[in-house]
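Student: I would like to take a close look at one part of this model, going slowly through the contacts that its side chains make. Could you take me through it in one connected answer?

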Amino acid sequence: MWLILAFLSAAFLGIYDSLKKKALKDNAVIPILFLNTLFSSLIFLPFILLSGMTDMLDGSIFHVASGGWEVHKFIVLKALIVLSSWILGYFGMKHLPLTIVGPINATRPVMVLVGALLFFGERLNVWQWVGVSLAVISFLLLSRSGKKEGIDFKHDHWIYMIVGAAALGAVSGLYDKYLMAPAGQGGVGLDRMMVQSWYNIYQCFMMLVMLLLLWWPKHNQTTPFHWDWAIIGVSVFLSTADFMYFYSLSLPEAMISIVSMVRRGSVIVSFLCGAMFFREKNLKAKAVDLALVLLGMIFLYIGSH
């Protein structure tokens with residue numbers, strides 16, 4: 001069951017990226033991001049209210065635990081990290097092909113591994129070093145593919161934004177490890193549903209401030225906003241993908257190393273969507289780059305056992 005949920009989460013993540021690309025086409029980024037956080041918050045708000053005001057969800061996978069500021073301060077930081085990653089990622093994705101963004105995002109497990117090496121004192125074995133090396137090689141090859149489309153990885157600030165988004169995503173993954181780990185193992189021991197529900201709400205308020213202070217005063221001078229139904233799809237597919245991910249990890253027999261690797265397989269879905277629906281170019285070379293990334297993920301998985 002947990003493996004099926006992991007594959008479903010990957011598929012939904014791939015569709016989420018594709019819908020995000022569609023919603024951002026010739027559209028204003030900040031209002032789209034605000035609406036995404038708003039709709040995601042509305043999805044989880046009923047679970048928060050029902051958990052706090054009734055016993056209807058007690059004992060179920062939808063129950064949201066309660067807690068004071070001593071708990072919520074960790075979730076606010078989680079929201080800041082994720083939102084920073086999203087802001088960079090949304091701006092970068094708007095201006096770059098999906099078939100380039102996807103493989104870069106797929107290197108996040110490598111960044112998590114390097115982060116664990118630096119901050120948690122973990123040591124890499126030979127298999128893991130091979131996986132890291134393949135990811136680095138794939139990134140270099142991807143930069144060559146990008147040059148054929150006029151994208152210079154060394155000087156393109158949109159590339160820097162995507163890399164920054166991926167790095168912050170890796171930081172978020174490491175922080176999740178800290179948040180979810182039991183207190184006896186050096187973590188905070190937070191409830192997964194509580195984290196997923198509340199960090200969306202905190203992000204929504206943060207984006208509202210950005211919308212009112214940064215975008216609205218100058219919205220007539222920037223890219224105009226237009227409604228696209230893909231905006232709702234982004235929130236629905238992301239929330240569903242994350243819920244399946246957390247639920248998969250909550251099952252006792254689940255193996256987090258496999259779940260994480262399968263989840264990164266979402267890049268295959270987004271790559272295919274970029275090829276079929278967005279008619280992106282230079283697909284053969286990018287497919288080789290993507291294959292190296294996925295091969296690197298396999299080596300990371302082997303090295304973790």
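Student: Which residue forms a salt bridge with K78, and how many Å apart are the closest N and O atoms?

Tutor: Please keep in mind that this is a predicted model. The partner of K78 is D176, and the closest N and O atoms of this salt bridge are 2.8 Å apart. Because K78 belongs to helix 3 (residues 69-95) and D176 to helix 7, the pair ties together parts of the chain that are 98 residues apart in sequence. K78 is buried, with a relative accessible area of 4%, and D176 is also buried, at 14%, where the cut-off for that word is under 20%.

Helix 7, which carries D176, deserves a look of its own. Helix 7 runs over residues 157-180, and its 24 residues should span 34 Å at 1.5 Å a residue; the C-alpha atoms at its ends are 34 Å apart, which agrees with that expectation. At the N-terminal end of helix 7 sits a cap, D156, from which a side-chain oxygen lies 2.8 Å from the backbone nitrogen of W158.

The loop between helix 6 (126-147) and helix 7 holds E149, which is paired with K286 of helix 12, so that two distant parts of the chain, 137 residues apart, are linked. The side chains of K286 and E149 meet in a salt bridge with an N to O distance of 2.4 Å.

The structure holds four salt bridges, and one of them joins the side chains of D17 and K20, at 3.5 Å from N to O. D17 and K20 are three residues apart in helix 1, and therefore they are separated by about one helical turn. An α-helix has 3.6 residues a turn, so residues three or four places apart point the same way. Both D17 and K20 are buried.

Terms used. Residues are numbered from 1 along each chain as its sequence is written. This is a predicted model: local features need pLDDT of at least 70, side-chain atom pairs count only at pLDDT 80 or more; totals for chains, interfaces and linings use all residues. Side-chain values use heavy atoms; hydrogens and water are left out. Helices (H or I, at least four residues) and strands (E, at least two) are DSSP runs, numbered from the N terminus. The expected span of a helix is 1.5 Å times one less than its number of residues. A polar contact is a pair of N or O atoms within 3.5 Å; within protein, one must be able to donate a hydrogen and the other to accept it, and residues adjacent in sequence count only if both atoms are side-chain atoms. Buried means under 20% relative accessible area, exposed over 50%, partly exposed in between (1.4 Å probe, protein chains only).
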